[in-house]
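Here are my notes for someone opening this one for the first time. Have the model up on screen and follow the points in order.

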Amino acid sequence: MKGESVMATKFSTVVGACLLASALVAQSVIAQPVKPANYPNRPINFIVSYPAGGGMDITARTLAAQMERVTGYQFRVENRGGGGGVIGNTYMATQAKPDGYTVGILANPTMFMNILYQGAQFKKDDVEPIAGITFEPVIWATRSNSDLGKMDFKQILEYAKKNPEKLKMGVIPNASFDTATRIVAKQTGAKFTIVPFPGGKPAIVALLGGNIDISAVYLSEIDQYVKDGSLKALAVADNKPLAEDPKLPTMKALNIKMASDTWGADRFAAVPKGTSKEIKNYLAYLIEKTMADKATKEAFAKVKVELLPKTMAEQQKAYDESYAEVHEFLKEAGQLKAPQ
Amino acid sequence: MLEGLLTAVSPTYLLVEIVGVIVGIIFGAIPGLTATLGIALFVPVTFLMSPGAGMIMLAGIYAGAIFGGSISAVLINVPGTPASIITGWEGYALAREGKAPLALSLAALSSGVGGLFSAVALLFLTPMLSTLALTFGPPEYCALLLFSFTIVTVMLDTPLMRNLLGCFIGLLLTTIGLDPVNGAARFTFGNVDLMSGFNLIAVLVGFFCMTEAVFLAFDSLVESSSDEIISYGKGNSMGELFATLWTHAVTYLRSSTIGLFLGILPAVGPVETPFIAHTIERRFHPKDEKFGKGSVTGLIASECSISANVGGSLMPLISLGIPGSGAAAVFIGALTLHGLQPGPLLFKNEPVLIYTFFWGFIAVNLFMMFFGLFGARYFALVLKLPKRVLATFIAVFSILGSYAINNSMFDVGVMFGATALALWLRALRVPILPIVLAVILGPLFEQQVLVLFTTSAGVGEVLGRPIADGFFAISIIMVVFSAVRRLKEGRAKPA
Amino acid sequence: MLYFNLISFLLIICGTAVLGLQIPDIAASARVYPLVLMVLVVLCTLVVAAKEIAGRSNTAALDATFAKILSAPLPQQLRTLAFIAIWMAYSWALTPVGFLVSTTCAIAASLWLLRVRRVLVGIATALVFSVVLAVLFATVLYIPTPLGPLDRLLAQAIYAFQH
């Protein structure tokens, strides 16, 4: 009897040790899902809803290059620009085949604006996010050697309140720049003359040339001008400080109520609805693995994009929350177009 | 500066320059494929080389493509790129007179001169001239564009009302898409694809390439006409060619300056530049009856200005990070992907790279001129192809080229629609030039008018800006002159 | 010719009116520019039409190329129309059928229609051209043409070859 219980104790100890060891090992490695059979057997296309050369395109191309390096598979970029992104987004949601060879590199809240403001013919669940790449919030900037350049954002808002419509604010209509500015204006009572531009570059040119006083932009677009002193960043449309410029006042610091992580460019990867779970998980794993790699971070830093990876679950959460925010905002503004 | 020169003539760089120019010429010469497409497609290839070499290769493709478009424009009346439309009119007319070698070589020479002019300006004057890009605000743009529309509608020989009709139809067509104020859909009838409007390249390919394919197909079926389009004719001596440098010096200089200036302005690119330069040049040669129908001066003006525009658009790109044309915007993307941020800091941080690039650009233009001058007779081999083959392949490339811009079949549909529109308006005797200019400049014009009305305090502020005043004044003068001329002609005609 | 012109002008005015019906759906500030243009288009069309009717139009009656087309024998006109039809059909066929098959067929059909003398050479050229382009698009130039079943096989073959 005694021998048996000794054996039993030894046995359970060994089993316990094995279990502990395997648990530890599992935690230190990103769990690799089952590789789907016969996939991929040809290049995978990243669909970008903007023309070649722009910010989204650069993000997608850098990701494609890094993924080729890390995974050994082939990734191509396919530009489907037009309509401020709605053409490519509609393609992803309605025409792209869910076979795992078409992955969209998309941007929110622009895509949600397509659905809720422009009345695009697809629904939010027609694409399924598989990973988050980066988020860049809108910031406001002005010329350094102008009257506004000597004030800080709070003072500018007060000035705009006292002198309604005197300050010319450049935005891209129907995009985060526009919405963030309107939120600020509504809450502080500041009144700007909104000047619409078709893209970031024309707005920056107008700002540099003195044709507008202040503009909503992305920091990455004006990085050079800030560094050489011609433009000055004023505030960031988010509640946590910007990594590249932590001193920029946030909305929270200015007592302006604004949702976090919404008004800017949330760049993520997604697949069309109906892609098999196996392929989805495998793609998500590949992207996560690539983004965790140190050289990838450096490659993105070289093109002035700060990599802020999100897992599939995290991105899905951000996706749903962002949708609710945009829906809420448009409803209050009375501009909600009934989704088709 | 010297270091840049030495790097630019090192063997690797020379190879890259030559390859870039040749690829560019091929892309440009094939109708339906554009410079922008060429640059975008070769960006991945440039990752195999150092950033400096990559930049020069892309610049070579840009410059080569702009010249290459003229080859097919002159030889088969199909502009290889939209920039070569005007060159096509002059050059093809000359070719039909049996002067194809002269036209081609002259195109090469003018391209070279214009390109070198802008390349030298790039080398020495970039810091100074690039600030010009910033001084142009909404009033200046509106004045410039109004000036462009005026010269085109007023200076053409065709009746004024038909010119205006074409211009207004073109402008109206550009309003379809997203409205510039709110980003909401306008005139799209619920169609998603229309939200991006009518793609400019697809429209121009439809207007000029596909229509020509149809006419060629028709011609090839006629039993009596010869299989070849035109006979090449005898070559010219180099002496005759270079003599034009002296006899037409003013034209060369004027067109190059206009091209450079328009290139520096963001949003005015190589497509609209020759229209403006050509029509301005016409003003200085009122007695030249062949203008638009085979005039050497017109050809020089057109080609010079386009190539000068290429260099000009690189100026604000390098120094301010602002693209001076659509192809330049892709260029910026390519630079960013290489880790080089075009803008004020690039000049400070990487002067050697920049100067290497500038010298490389000079070399690129020299190679372009060289290939053009000596390769002319080889290009002409294209003329040996029977019309039916040309018609077929122009159709293929028109379709593929329109598709490749945004990977969209809708753009191919737009191209066919534009072909139909061009044929219809031609039957109606409405001239195509005002429509083309309106379609190209329409979106920019509406945008600038909008910003003008939103930002300016009143007419007084607009009139207070000298450059804008200048353009407005010239426009009014031209309208008056033209009205007088037409009245005189009207009186001279028998009642 | 006069009737053709007048009907065309009528069509232009109708087209403009159709656009005009959409105006109320557009925001106020985005309305002005197109509205002004519409008015101008209608005015110009009316003036040009009036001039034609009054016989005071000072353009030649017919464009030279069109004169040639209209006076050509019927088979030739039909073949030209068929040429256009082939290429439109090609665009429609690209997405379902794929690049390789549709390009080969379209080029071969076009050459045959335009009475190429050596039909087999034409077909061979079409095939070679399509394959070369397809390989070029897949390896160097990266133009994502629509993939039909045959194209997918080619892509897989190239991929397997490269690995």
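1. Start with B:H338, which counts as buried because 20 other C-beta atoms lie within 10 Å. The cut-offs are 20 or more such atoms for buried, 12 or fewer for exposed, and partly exposed in between, with C-beta atoms placed from the backbone. You'll find B:H338 in the loop between α14 (326-337) and α15 (344-349) of chain B. Helices (H or I, at least four residues) and strands (E, at least two) are DSSP runs, numbered from the N terminus.

2. A word on reading all this: the model is predicted, local features need pLDDT of at least 70, side-chain atom pairs count only at pLDDT 80 or more, and totals for chains, interfaces and linings use all residues. Residues are numbered from 1 along each chain as its sequence is written, while chains are lettered from A and ligands numbered from 1 in the order in which they are written.

3. Which residues does B:H338 contact, leaving aside its neighbours within four places in sequence? They are B:P51 and B:G54, where contact means C-beta atoms, placed from the backbone, within 7 Å. B:M49 is 289 residues away from B:H338 along the chain, yet their C-alpha atoms are separated by 9.9 Å.

4. Now zoom out to chain B, with its 21 helices and two strands. Take the contacts between residues at least 6 apart in sequence: 79% of them join residues at least 24 apart.

5. Helix α18 (residues 409-427) of chain B deserves a look. Its 19 residues reach 28 Å from first C-alpha to last, close to the expected 27 Å (1.5 Å times one less than the number of residues). Its buried residues include B:F410, B:V414, B:L421 and B:L425. What do the buried residues of α18(B) pack against? The answer is α8 (160-174), α9 (200-221), α17 (387-406) and α19 (432-455) of chain B, together with α4 (74-97) of chain C. After α18(B) comes B:R429, with a positive phi near 65 degrees.

6. Strand β5 (residues 139-143) of chain A pairs with β8(A) in the antiparallel sense over four bridges, and β6 (residues 168-171) of chain A does so in the parallel sense over two; pairing requires at least two DSSP bridges. A:I214 is the bridge partner of A:T142 and also stands opposite A:M169.

7. Finally, the A–B interface: 42 residues of chain A are in contact with 39 residues of chain B. On the chain A side there are 15 nonpolar, 16 polar and eleven charged residues. Here Ala, Val, Leu, Ile, Met, Phe, Trp, Tyr, Cys and Pro are nonpolar, Asp, Glu, Lys and Arg are charged, and the others, Gly among them, are polar.

Terms used: Two residues are in contact if their C-beta atoms, placed from the backbone, lie within 7 Å.
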